[in-house]
Amino acid sequence: MEVNKIINGDCLEILKTLPNGSIDLIFADPPYWMRVDGALLRVEGTVYSGTDDEWDRSFVSQGDYELFTSQWLQECKRVLKKDGSFWVIGGMQCIYTIGGIMQNLGFWLINDVIWQKRNPTPNFHGTRLTNSHETLIWATTSPEANFTFNYKTAKELNLDTVDADDFARGIRKQLGTVWRIGVCRGSERLSAEDGTKLHSTQKPEELLRRIITISSRVGDLVLDPFAGTMTTGVVAKRTGRRYLMIEQDERYCHYGTQRLEATEESIGDVENAVFDRKPLRVAFKDMLLAGIFTVGEAFYLKGGESAILCEDSRLEYQGARLDIHTAAALLSGSKAQRLNGFDYWYVCRAGQLVSIAVLREEYRRQLEKAQEQ
């Protein structure tokens, strides 16, 4: 199966050609079927260009929309890996229909997320509340799925509920289910030749970056069956994921191709989910073998007690040889039989006492850097 490409055509037909269980992550932004009747006018009388595209007006009834939704959802469930993630976005007109059908098809819902728009379109006539959010559903194929969730990476992306000064000091909070992100504007918003906006529901790249970086890994394959102007593909490419975009509108494919060709990888700690990597296990005896410690050197507690390192990686104290954890408990007078010795022992380096935990972290970084090379 070819990847990193745009396929121009009907999503139902193209999805049927994809292999079972071949996709790691799906993001779907299907037609909302807004059911707009007549022109929507601003207060001053000009026409507001909302979602009135042909692709959103092609359904004749609720039953017609439900049939279409059920068909593309079934295909997405088939091509998604058993541990893959599925995201879908919609407004109030469609998201409840989509969510209900998903549950009927056996999808397992993980979260629903509110995309709170920082700069929503106002309700021009004041006849109802400003429609300032859309809803995303995050799901997988079954309750048993071992889906990717880069939990600590998500905390790094949580700028909505953390004070900037606290964040700078390293304070992180869990990412919640309300994401405050502005709608697509400025240079990010694609325009047609006549200067008008190309796509009425182009999603902001920041929204897709969150979804892709918290629920996939570098190298994973991301599918968007309603790719539009290729925001999903752009973010997937930039974050080091592979992509497969399906779009039936030739014009969107044309502009989307240009957009993808201009996109370059930019992979940092968030994209690599380095915050979620389990630290390399480093044993005390490995550090001795690596020459970080020397047989016969003294190990100190803050209280002044000391012990001597032996060749078997144990510490000698008053004739007894103990591992660093048991020795820490004994010499510190703890009631516990064992303590984490890395939190208690120090060695002398350049005339200063240095925690062996600090030396372990430095050694771990050296090993991880060597592995990356």
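Tutor: Start with a cut-off: a residue is buried under 20% relative accessible area, exposed over 50%, and partly exposed in between (1.4 Å probe, protein chains only). Why is Ala-273 called buried?

Student: The relative accessible area of Ala-273 is 9%. That is under 20%, so Ala-273 is buried.

Tutor: Good. This is a predicted model: local features need pLDDT of at least 70, side-chain atom pairs need 80 or more, and totals for chains, interfaces and linings use all residues. Numbering runs from 1 along each chain as its sequence is written, and side-chain values use heavy atoms, without hydrogens or water.

Student: Where does Ala-273 lie?

Tutor: Ala-273 lies in the loop between helix 9 (269-272) and helix 10. Helices (H or I, at least four residues) and strands (E, at least two) are DSSP runs, numbered from the N terminus.

Student: Which phi does Asn-4 have?

Tutor: Asn-4 has a positive phi of about 55°, and Asn-4 is not a glycine either. Asn-4 is found in the segment before strand 1 (5-8).

Student: Why is Asn-4 called partly exposed?

Tutor: The relative accessible area of Asn-4 is 39%.

Student: What is Thr-135 in contact with, leaving aside its neighbours within four places in sequence?

Tutor: Contact means heavy atoms within 4.5 Å. The partners of Thr-135 are Val-88, Ile-89, Gly-90, Ile-95, Asp-112, Val-113 and Ile-114.

Student: What makes helix 11 mostly covered?

Tutor: Count its residues. Helix 11 runs over residues 324-331, and six of the eight are buried. They are Ile-324, His-325, Ala-327, Ala-328, Ala-329 and Leu-331.

Student: Why is helix 7 called mostly covered?

Tutor: Six of the eight residues of helix 7 (residues 231-238) are buried. Those six are Thr-231, Thr-232, Gly-233, Val-234, Val-235 and Ala-236.

Student: Which elements do they pack against?

Tutor: The buried residues of helix 7 pack against strand 2 (23-28), helix 6 (205-215), strand 7 (221-224), strand 8 (242-247) and helix 8 (250-261). Just after helix 7 comes Gly-240, with a positive phi of about 85°.

Student: Now the whole chain. How many helices and strands has it?

Tutor: Twelve helices and 14 strands.

Student: How do you know that the chain is more spread out than a compact globule?

Tutor: The radius of gyration, over C-alpha atoms, is set against the globule rule, 2.2 Å times the number of residues to the power 0.38. For 373 residues the rule gives 21 Å; the chain has 28 Å, well over that, so it is more spread out. Its C-alpha trace spans about 90 × 45 × 40 Å along the principal axes.

Student: What share of the chain counts as buried?

Tutor: Of the 373 residues, 46%. Among contacts between residues at least 6 apart in sequence, 65% join residues at least 24 apart.
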